[in-house]
Amino acid sequence: MKPPRSALLALGAALVLSATALALPSAAQAAPAADGGAVVREWYDTTAQTVGAAGAPTQVTNSRTWAISWLAAARAAGEAPGGRDRAAFQDAAVASAVHDALADLAPTRRAELDSALAATLGRIPDGRAEDRGVAAGARQAKLALASRQGDGLDPASVNAPYAVEPAAPGVWQPTPDGYAPAAQYGNRVARPFLLDSPDQYRIGPPPALDSRRYRDDLAEVRAYGAAGSTVRSARQTETATFWYGSSLTLYTEPLRVAVTRSHGSTAERAGLIGLFHAALVDTQIATSDSKYAYTRWRPVTAIRTGDIDPDPAWTPLHQTPAHPDYPSGHTTYAGAAEVILDALAGPRTAPFAVTSPTAPGVRRTYTSWEQLTRDNVDARILSGIHTRSADEAGATLGKAVARHTLRGADRLLAPLG
């Protein structure tokens, strides 16, 4: 007999393309509810610490860890019965599910996770509700882990070897300084959470090399993205440096803000985290599909060797990542994050600060998720590592994948088994 569906599933079924049609109130409308907030925040921080200390070298693998752990938590919390013991059940279910999933995916952190679980359960009243919640969490974690076995998101599969095409105008080649082999080629054949196939939302081709749009794109990167640019302002340099690091790391704080300010129950907050990361796994898979469908060369290659006023000495502000230009992975991530956060936390919120490991001591303040996307689009140009066409196409792709995730939210959040 299947466990009852919670209000979280009703919420998931109500998710539509418009962010204004959501059941969850906007994060800006009131202070966060007490129900479930402490336990969700506690295990959110534990997840971040676990991934930070024992995560994989591939970002999408770490996104998978977040998604599995928090989808299991949302499903387990969704099994809670009504009545006064509901909160105790949900708190225990979340802690148990995240603990068990992380202990399997990051076994070197088992002692720290066991300690965190004991601390959480020590604050929940002993009794049947706690016991049932722990059991539900353990069951959903086991099922979630089993459901993602062999999905092709382990580091070796993600970075499957890629045979570089012969050098030609527009064709991706390894880039300086390191001329590293292509990364993330294997993402394009990994198993998504909800997409029917990795190419379901493949974007259209990049601008033709002889088009006005491409000439303008390249001129912008050449001027503003050069290491010694004389037109890039100090603020723009800071933007490029701030958003240079891992998107998963950079969005950990904004997502926590959304979760903390949410009015939702424990199950709903857990669902927000799980849906966010499932959408971002699928987005990274779709990004690699489009990147390796078009294999567009990076600006540094185009500027140094192309037909438009070649400059063999041109150097970007930041080192170019080892995969094709089109679309930008940073902006696909930002676009997907924007759609999920708009839908589940409201498009605007009170000011919140974000920090970055690549810009120590800098704090950026935002009031909407869309502002983060805009900064990501600009940052990759200012770093000298993407064209504007690649950045804008990336944001479009990420948004399309995230809307797909929202439409299928009820399927992701339904308890397994």
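Biologist: Which charged end sits over the ring of F193, and how far is it from the ring centre?

Modeller: Good place to start! The charged end of R148 sits over that ring, 3.9 Å from its centre. Bear in mind that this is a predicted model.

Biologist: Which residue lies over the face of Y214?

Modeller: That is R296, at 5.1 Å from the ring centre.

Biologist: Let's turn to rings that pair with each other. How many aromatic pairs does a search of the whole structure find?

Modeller: The search finds 13. Take W243 and Y251: their ring centres are 5.9 Å apart and their planes meet at 45°, so the pair is tilted. The reasoning rests on two cut-offs, since planes under 30 degrees apart count as stacked and those over 60 as edge-to-face, with the rest being tilted.

Biologist: Are W243 and Y251 buried or exposed?

Modeller: W243 counts as buried because its relative accessibility is 0%. Y251 is buried as well, with a relative accessible area of 3%. A second tilted pair is formed by F352 and Y366, with 6.2 Å from centre to centre and 35° between the planes. That pair links distant parts of the chain: F352 belongs to strand β1 (residues 348-355) and Y366 to strand β2 (residues 363-368), 14 residues apart. Both F352 and Y366 are buried.

Biologist: Which residues do the ring pairs link into a cluster?

Modeller: The cluster takes in F242, W243, Y251, F276, Y333, F352, Y366 and W369. One of these, Y251, also turns up among the contacts of T373.

Biologist: Where does T373 lie, and what does it touch?

Modeller: T373 is part of helix α15 (residues 369-382). Leaving out residues up to four places away in sequence, T373 touches Y251, A334, G335, E338 and A395. Its relative accessibility is 5%, so T373 counts as buried; the cut-off for that class is under 20%.

Biologist: Now for pockets. What is the volume of the largest pocket, and which residues lie nearest its centre?

Modeller: The volume is about 740 Å³. The lining has 32 residues, and Q59, Q184, S246, S247 and H330 lie nearest the centre. Elements that give two or more residues to this lining are α2 (37-54), α3 (59-77), α7 (155-158), α10 (247-250), α12 (266-294) and α14 (329-345). The most comes from α3, with four residues.

Biologist: What should I look for in the backbone?

Modeller: As a general idea, most residues other than glycine have a negative phi, and most peptide bonds are trans. Another cis bond joins Y326 and P327, where omega is about 0°. D177 is found in the loop between α7 and α8, while P327 lies in the loop between α13 (299-305) and α14.

Biologist: What does A182 contact, and is A182 buried or exposed?

Modeller: A182 lies in the loop between α7 and α8 (212-224). Setting aside neighbours within four places in sequence, A182 is in contact with Y162, W172, Y292 and A322. With 11% relative accessibility, A182 counts as buried.

Biologist: And which residues does G329 touch?

Modeller: G329, in helix α14, touches T287, K291 and H386, not counting residues up to four places away in sequence. Its relative accessible area is 25%, so G329 is partly exposed.

Key: Residues are numbered from 1 along each chain as its sequence is written. This is a predicted model: local features need pLDDT of at least 70, side-chain atom pairs count only at pLDDT 80 or more; totals for chains, interfaces and linings use all residues. Side-chain values use heavy atoms; hydrogens and water are left out. Buried means under 20% relative accessible area, exposed over 50%, partly exposed in between (1.4 Å probe, protein chains only). Contact means heavy atoms within 4.5 Å. On a 1 Å grid over the protein atoms alone, a cavity is a set of points where a 1.4 Å probe fits but cannot get out, and a pocket is an open set with protein on both sides within 12 Å along at least five of seven lines; lining residues have an atom within 4 Å of a point. Grid points are joined across faces, edges and corners, and a volume is the space filled by probe spheres set on the points. Rings of Phe, Tyr and Trp (its six-membered ring) pair if their centres lie within 6.5 Å; planes under 30 degrees apart count as stacked, over 60 as edge-to-face and the rest as tilted. A charge sits over a ring if NZ of Lys or CZ of Arg is within 6 Å of the ring centre and within 35 degrees of the ring normal.
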